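Work through the exercises below with the sequence and the model side by side. Try each task before you read its solution.

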Amino acid sequence: MGQVNVRPQAALALDVGGTKLAAAVVVVGGDGPQVRCRVQVPTETDRGAAHVMERMERAAARALADYRATESAVPVEACGASALGCPDAAGERVAFGANLMEGWTGMPVAARLSHAVGVPCVLLGDVQAHALGEARWGAAAGAPSCLCVAPGTGLGGGLVIDGRLVRGAHGLAGHLGHMQSVHAQGMRCSCGTLGHIEAVTSGVGIGALYQGVDVASADFDPAIDGAWVARRAARGDARARAVLARSGFALGSEIGSWANLVDPAVIVIGGSVRKAGAVWREALERGFRSQALEPLRDVPLVDAALGDDAALVGAAEYALDRFARPA
Ligand SMILES: [Zn+2]
């Protein structure tokens, strides 16, 4: 039965996305992670960072109180927070997030949560947490390394090598979305730069491609996004199908280039855009093989397996590594 002698450990985990905010206690033993006492509420980014921070504190405290009231056999030793925006190198504050919500840059997330729940806390990026969760217990479990790519509202990435999340010197490692691409020439990225791959591969970017304008344009309609285009494509809209093929190929090409740089054993595809359908997926695979060096062309591109729990599991794992392990 695997690592039955591993002492179970528990961490509080948060997953703060653009639309929803989740908190839970993750108990990790030899048989895998169990997500307990999950609390989920809308993030409400439109009300600003101070409001969101308070919601995070309340959700975390409630999940922890629920856990302690019902099943406290495994004590909670740490807290990991996966959140939108860029964390700093120390995992303490949001280094950059002004484009996501007012007041988010500089928010001392780790200290605020630690004060609220009474255990040490670390902050990491949302796709970084996804990547670690999938690498430890999901689609890349057992693989020596993985690159996780998540086209959703934006385009995130995360890299795990030898079981460890690579965070980089500034906490930003894995920001695949902000790589220049020939497929995004003239398109404005969410970070403000022209030509980054996110501009044509995120859900918003797919909408922009369909409309033939970039996201910064006054003519851009945010209601036309990746999901909208995918629905049109499924009904036979030729333009929608062409846009999905172009976007999928562009993303696959970028992943192929990244594979040449880091040589991952497995590539995990997460994010909502991966549900865009067969046209997108086939183009993604084709784009990948067009850029990957010959020995890498058979590296598997697999779907993320942990669903909504991936970031919670990854954040808990990261926090346990930092504050609690080795047992
Ligand atoms: Zn960018």
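**Exercise 1. Find which residues Thr153 is in contact with, leaving aside its neighbours within four places in sequence.**

Step 1. Locate the residue. Thr153 sits in the loop between strand E8 (145–151) and strand E9 (155–161). Helices (H or I, at least four residues) and strands (E, at least two) are DSSP runs, numbered from the N terminus.

Step 2. List the partners. Beyond those neighbours, Thr153 is in contact with Ser202, Gly203 and Val204. Contact means heavy atoms within 4.5 Å.

Step 3. Check one distance. Thr153 and Ser202 are 49 residues apart along the chain, and their C-alpha atoms are separated by 5.7 Å.

Step 4. Check exposure. Thr153 has a relative accessible area of 71%, so it is exposed. Buried means under 20% relative accessible area, exposed over 50%, and partly exposed in between (1.4 Å probe, protein chains only).

A note on the model and its numbering: this is a predicted model, in which local features need pLDDT of at least 70 and side-chain atom pairs count only at pLDDT 80 or more, while totals for chains, interfaces and linings use all residues. Residues are numbered from 1 along each chain as its sequence is written, and side-chain values use heavy atoms, with hydrogens and water left out.

**Exercise 2. Work out in which order the five strands of the open sheet lie.**

Step 1. Write down the order. The strands run E3-E2-E1-E4-E7, with mixed pairing. Two strands pair if DSSP finds at least two bridges between them.

Step 2. Strand E3 (32–42) and strand E7 (121–125) each pair on one side only.

Step 3. Follow the hairpins. Strand E1 (residues 9–16) and E2 pair antiparallel over eight bridges. Three residues lie between them in the hairpin. Asp15 stands opposite Ala22 in E2. E2 and E3 are also antiparallel, joined by nine bridges. Two residues link E2 to E3 in a hairpin.

Step 4. Find a parallel pair. Strand E4 (residues 76–83) and E7 run parallel, joined by five bridges. Here Ala81 stands opposite Leu123 in E7.

Step 5. Judge the burial of E2. Nine of its ten residues are buried, so E2 is largely enclosed by the rest of the structure.

**Exercise 3. Search the whole structure: how many aromatic pairs are found?**

Step 1. Count. The search finds one aromatic pair. Rings of Phe, Tyr and Trp (its six-membered ring) pair if their centres lie within 6.5 Å; planes under 30 degrees apart count as stacked, over 60 as edge-to-face and the rest as tilted.

Step 2. Classify. Tyr210 and Trp228 are edge-to-face, at 5.1 Å centre to centre and 75° between the planes.

Step 3. Tyr210 is in helix H5 (residues 203–211) and Trp228 is in helix H6 (residues 226–234), 18 residues apart.

Step 4. Tyr210 is buried, at 12% relative accessibility. Trp228 is partly exposed, at 22%.

**Exercise 4. Is the phi of Asp162 positive or negative?**

Step 1. Read the angle. Asp162 has a positive phi of about 55°, although it is not a glycine. Most residues other than glycine have a negative phi.

Step 2. Asp162 lies in the loop between E9 and strand E10 (164–165). At 65% relative accessibility, Asp162 is exposed.
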